[in-house]
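Please open the model in your viewer and get your selection tool ready. We will take a short walk, one stop after another.

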Amino acid sequence: AVEMVKKTPAYKNRLRALELERSGGIKGAEKPSLWGLLGVRSILLPYTLDKLHLWHACWFWRYKVKKAPYSWEDASYLTQRSPGAPANNWRNLDEATKDDLVKRQLWVKSNMEGYDRRCGENRSVEDN
């Protein structure tokens, strides 16, 4: 029975993982140097900046020039950013809550202030 277990792929993979762990990592792999990382980053910087500029230009054209209504994804992004909450908090909300917050258009300052007032009133009622 032990010999049959030794022939299974799962056992062989576990054995390889233990050997790698004992030997201190993958053989032949070197830690990247700081200069190497900076070199790669400096090569990728123009590409990253171009993508960012293109995104901003598309956003400006779509929503400022053409005055198109926000898509749900874009409205969701604006809603997530408006209170300054971390992206993790937004991801952990259920879909019904996200939909409710997006429908309230919290990226509009007056809507956000009204929502904050209502939440503050609810908290003060709960505290009493």
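Is Tyr63 buried or exposed? Select Tyr63: with a relative accessible area of 8%, this residue is buried (under 20% relative accessible area; exposed is over 50% and partly exposed in between, with a 1.4 Å probe and protein chains only).

Before moving on, a word on the ground rules. This is a predicted model, in which local features need pLDDT of at least 70, side-chain atom pairs count only at pLDDT 80 or more, and totals for chains, interfaces and linings use all residues. Residues are numbered from 1 along each chain as its sequence is written, and side-chain values use heavy atoms, leaving out hydrogens and water.

Now turn to the rings. Rings of Phe, Tyr and Trp (its six-membered ring) pair if their centres lie within 6.5 Å; planes under 30 degrees apart count as stacked, over 60 as edge-to-face and the rest as tilted. That rule gives seven aromatic pairs. Select Trp59 and Tyr77: their ring centres are 6.3 Å apart and their planes stand at 70°, so this pair is edge-to-face. Trp59 sits in helix H3 (residues 34-65) and Tyr77 in helix H4 (residues 72-81), so the pair ties together parts 18 residues apart in sequence (helices are DSSP runs of H or I, at least four residues, numbered from the N terminus). Trp59 is buried at 13% relative accessibility, while Tyr77 is partly exposed at 32%.

To see the cluster linked by ring pairs, select Trp55, Trp59, Tyr63, Tyr70, Tyr77 and Trp107.

Conventions. Helix = DSSP H or I, 4+ residues; strand = E, 2+ residues; numbered from the N terminus.
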